[in-house]
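Okay, everyone, let's get started.

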Amino acid sequence: MTVSIITSIIVWAITGALGAFTTYLGMRYKKVTRENNALKNGMQSLLRNNIIDAHDKYMKKKYCPIYAKESLTKTYDSYHALGGNGVVTKLYNDIMALPEEPPEPRRKKSGGNEI
């Protein structure tokens, strides 16, 4: 009878410890998931802001150098991989459609009229 009681106590203790450990793992998983989602959303926001700033800058200039397009493509790909899309895709496409060289300045004729 004593062995039966000791065995029951051991089984109860192991079951309780496993239950507590499982609860801890579940809580830890939820916390890590929340943190990962916050990091993902924060990174996505930073990338989106970078693309918006580049759009404003290069649309004013009316051109976008090839090195900037390459960098922006990497930024957009990362943004898109994190689940971003929508308006930023249009902004990205606007920038990619720009020429890579600045527009030629208009020269003036000797009479003051533009050519």
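Helices are DSSP runs of H or I with at least four residues, strands are E runs of at least two, and both are numbered from the N terminus.

Now, this is a predicted model, where local features need pLDDT of at least 70, side-chain atom pairs count only at pLDDT 80 or more, and totals for chains, interfaces and linings use all residues. Residues are numbered from 1 along each chain as its sequence is written, and side-chain values use heavy atoms, with hydrogens and water left out.

So, the pairing: helix α1, residues 2–61, and helix α3, residues 87–97, have axes that come within 9 Å and cross at roughly 40°. Who touches whom? With contact meaning heavy atoms within 4.5 Å, the α1 side includes Arg-48, Ile-51 and His-55, and the α3 side includes Val-88, Leu-91 and Asp-94.

Zooming out, the protein has 3 helices and 0 strands, running α-α-α from the N terminus. Its radius of gyration (over C-alpha atoms) is 30 Å, well over the 13 Å from the globule rule (2.2 Å times the number of residues to the power 0.38) for 115 residues, so the protein is more spread out than a compact globule. The C-alpha box says how: roughly 115 × 15 × 15 Å along the principal axes.

Last one: of contacts between residues at least 6 apart in sequence, 70% join residues at least 24 apart.

Definitions and conventions. Axes are lines fitted to C-alpha atoms, for helices over the stretch in contact, and angles run from 0 to 180 degrees between N-to-C directions.
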